[in-house]
Amino acid sequence: MNADQELQQWRAQWQTDTHVPAGLRERVKRESRRMRFMLYLDLVITAVAGALGTVWAMASEQPAMRFLAIWVWVSLLITWIFRFINDKGNWSGAAPDTEAFLHLSLRRCKANLRAVKFGFILYFAQLAIVSTCVYWELKRQSPTDLWAYLTLTRSLVVWFCAALFLLWIVWYARKQKAELNYLLEVQRDWEKYADEWETPAPESKKRWKLTALLSSLIRDHISSLSQLEDLDWRVRRKKKIWKT
Amino acid sequence: MTKDMPKSLIEQRFDQLLLREGAALMRLAGAYTDTRSDRDDLFQEIALAIWQALPNFRGESSERTFLFRIAHNRSLAYLANRRTLRISPDEEERAPDPRLDPEQELLQEQERQQLLRAVRRLPVLYRQVTTLALEGLSYGEIGEILAVSESNVGARLNRARQMLRSFMEDKV
């Protein structure tokens, strides 16, 4: 059997499976709605947290609570700024092909890992500031022992939630690291085989490539590490396109 | 097709595409997953990605290229996201083909399962090119989907076939 016949035979075997699940469109629409809801949820949480903080501060009229309300708005602002910077350029790939998608997935994965670190720092900073403010306010009203405050039922609930959050964040970071390692492995293979199998570019094209490479380096804004990384990828991609 | 297109028309287009290529996309999902439920999950993720990308499809490539590109990208993300290795993957159940007698049906199913297991053992780069070739896409179309040259597709497919052959001889 020659190679073409073999492929034809495999193709026939492969295509015998014609099963397609029913009611797919409705499930897809439902999932799409859910994703849109999750997107809006961030905005709702921001508005609710900000409004609650402000109302609480206005109602209590205590300096510590006012400070907390300001802190809530500041932390929300910091979160949104971080999110905007961290997610910049991660919404869609440079091109619709698999290589561009791979690059985008890597960027998203690295962004998620940065978000994990940011979330960890912000959550525990938040916890420390809020606990200190509440303790300070309680102490101002009546003498309160620190140990008694830390072991109050509501404090214990907070510590329990913090521990749960810590566990979740460790699990999520490990998952993201595994995903990143896998994607890096695929990218390494991709580049290795792409270089092995492509025909080398002629000398004249190589010179042109160098000029284009330099102009592309000047053109791009090198302001952050992620941009540098992106630039490196784009240069490698351009080189590959010229080769083909 | 643009974003201005009415939703009903997008729904109609989506249904047509899934009707025509649904089985191929399902087979592709099967090559990246171990169990039937995982395959259904991945297929749904692919369908969702197609649903979201459909309003932006302007016909720069063929619809088939567009669909398989999305499917492969989703599959790659799925692999990275849920890499759970199972020692003994579920055998897939399939509705019997009324045109075949039970013995012939069983033989056909065994051959398909053997091929599917061999395809699943291929490294991702080879699996991509193999699943596309098994769906009957040309080297040009595969190259367009994966952003590699036709010579690269040929080289990958050649190597993938050697590996497939050896995996199938293993009878694993």
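User: How many helices and strands does chain B have?

Analyst: Helices (H or I, at least four residues) and strands (E, at least two) are DSSP runs, numbered from the N terminus. Chain B comes to seven helices and zero strands, and its pattern along the sequence reads α-α-α-α-α-α-α. Keep in mind that this is a predicted model, where local features need pLDDT of at least 70, side-chain atom pairs count only at pLDDT 80 or more, and totals for chains, interfaces and linings use all residues. Residues are numbered from 1 along each chain as its sequence is written, while chains are lettered from A and ligands numbered from 1 in the order in which they are written.

User: And what is the make-up of chain A?

Analyst: Chain A has eight helices and zero strands. From the N terminus on, the run is α-α-α-α-α-α-α-α.

User: Which residues of α4(B) are buried?

Analyst: E109(B), R112(B), L115(B), A118(B) and V119(B) are buried in α4(B). Here's a handy idea: an α-helix has 3.6 residues a turn, so residues three or four places apart point the same way.

User: How do I check the length of a helix like that?

Analyst: The expected span is 1.5 Å times one less than the number of residues. Helix α4 of chain B (residues 102-121) has 20 residues and reaches 29 Å from its first C-alpha to its last, close to the 28 Å expected. Now try helix α3 of chain A (residues 63-87): its 25 residues should span 36 Å, and its end C-alpha atoms are 36 Å apart, which agrees. Just after α3(A), G89(A) takes a positive phi of about 80°.

User: Which residue has a positive phi although it is not a glycine?

Analyst: That's A147(B), with a phi of about 60°. You'll find A147(B) in the loop between α6 (139-146) and α7 (150-170) of chain B.

User: How do helices α1 and α3 of chain B pack?

Analyst: For this, axes are lines fitted to C-alpha atoms, for helices over the stretch in contact, and angles run from 0 to 180 degrees between N-to-C directions. Helix α1 (residues 7-31) and helix α3 (residues 63-81) of chain B pack at an angle of about 35°, with their axes 11 Å apart. Two residues are in contact if their C-beta atoms, placed from the backbone, lie within 7 Å. On the α1(B) side the contact is made by L17(B), E21(B), L25(B), L28(B) and A29(B), and on the α3(B) side by E63(B), R64(B), L67(B), A71(B) and S75(B). To sort them by class, count Ala, Val, Leu, Ile, Met, Phe, Trp, Tyr, Cys and Pro as nonpolar, Asp, Glu, Lys and Arg as charged, and the others, Gly among them, as polar. This contact has six nonpolar, one polar and three charged residues.

User: Into which domains is chain B divided?

Analyst: Domain bounds come from an automatic or database domain assignment. Chain B is divided into domain 1 (1-89) and domain 2 (98-172). Across the divide, 12 residues of domain 1 are in contact with 13 residues of domain 2. The largest share of the domain 1 side, seven residues, comes from α3(B).

User: How many residues does each chain give to the contact between A and B?

Analyst: Chain A gives 40 residues and chain B gives 46. On the chain A side, α6(A) gives the most, with 10 residues. By class, that side has 21 nonpolar, nine polar and 10 charged residues.

How values were computed:
A residue is buried if 20 or more other C-beta atoms lie within 10 Å of its own, exposed if 12 or fewer, and partly exposed in between; C-beta atoms are placed from the backbone.
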